[in-house]
Amino acid sequence: MSSPPTAADAAVTARPWRQFLDPATLSLPISLSEASFRLTQNLRYFYPNYALLSLLVFLLSLLTHPLSLILFLCIFSAYIYLFLSRSEPLTVLDHTIDQKIILGFLLLLTLVAVLWTKVWWNIFISSIIGAVIVFLHAVLRAPEEVEEDSPYGSLLNVVDDPRGDYARV
């Protein structure tokens, strides 16, 4: 019996940056349905890359606040250590600590750090910039291989005709 996937397994699925940033795969979608199809496919396929890109935008916005940058790098390293690099549960004084408690503690620590350093505006602006970058890349990048996981199969093919393939009734 295989164990359920962990956060460390999800981190391994980050796609190569060369594939992610390949300019040959960028093109305008021919219809709104193709744009939404590209968006969902690319968000699913490149989710770890988009998360790292958004984190990079956030950290770059903190360059004018060096103390905040150092503090958030320490907090993010705690997230990485406690969720991505460990395969066994955290134990303190022979007590196993649940992942939800660890996550709650780290979220509280992050909230305190945001309130103490007063970087709400930076978080807001960097979130908008990160979302725009992710949206533009996801819509403009044509997926290489389409997985036919839709129960409708080729009825929803958006590449051949902008209006889609429809069956006559």
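How many helices and strands does the protein have?

Analyst: The protein has seven helices and two strands, where helices (H or I, at least four residues) and strands (E, at least two) are DSSP runs numbered from the N terminus. This is a predicted model, in which local features need pLDDT of at least 70 and side-chain atom pairs count only at pLDDT 80 or more, while totals for chains, interfaces and linings use all residues. Residues are numbered from 1 along each chain as its sequence is written, and side-chain values use heavy atoms, with hydrogens and water left out.

Read from the N terminus, the elements follow the order α-α-α-α-α-β-β-α-α. Of the 169 residues, 27% are buried; buried means under 20% relative accessible area, exposed over 50%, and partly exposed in between (1.4 Å probe, protein chains only).

Rings of Phe, Tyr and Trp (its six-membered ring) pair if their centres lie within 6.5 Å; planes under 30 degrees apart count as stacked, over 60 as edge-to-face and the rest as tilted. By this rule there are nine aromatic pairs. One of them joins Trp 17 and Phe 20 edge-to-face, with 5.2 Å from centre to centre and 85° between the planes. These two residues are separated by about one helical turn, because they stand three residues apart in helix H2 (residues 17-20). Trp 17 is partly exposed, at a relative accessible area of 37%, whereas Phe 20 is buried, at 2%.

Another pair consists of Tyr 45 and Phe 46: their ring centres are 4.8 Å apart and their planes stand at 85°, so this pair is also edge-to-face. Tyr 45 is partly exposed at 30% relative accessibility, and Phe 46 is buried at 0%. Trp 17, Phe 20, Tyr 45, Phe 46 and Tyr 50 together form one aromatic cluster.

Leaving aside residues up to four places away in sequence, His 137 is in contact (heavy atoms within 4.5 Å) with Phe 20, Asn 42 and Tyr 50. His 137 belongs to helix H7 (residues 120-140) and is buried, because its relative accessibility is 13%. Phe 124 also lies in helix H7, but Phe 124 is partly exposed, with a relative accessible area of 46%.

The UniProt record, an unreviewed entry, places the feature "transmembrane region" at residues 45-63, 97-117 and 123-140; such annotations may be inferred rather than shown by experiment. In the model, residues 123-140 are 100% helix and 0% strand, with end C-alpha atoms 25 Å apart.
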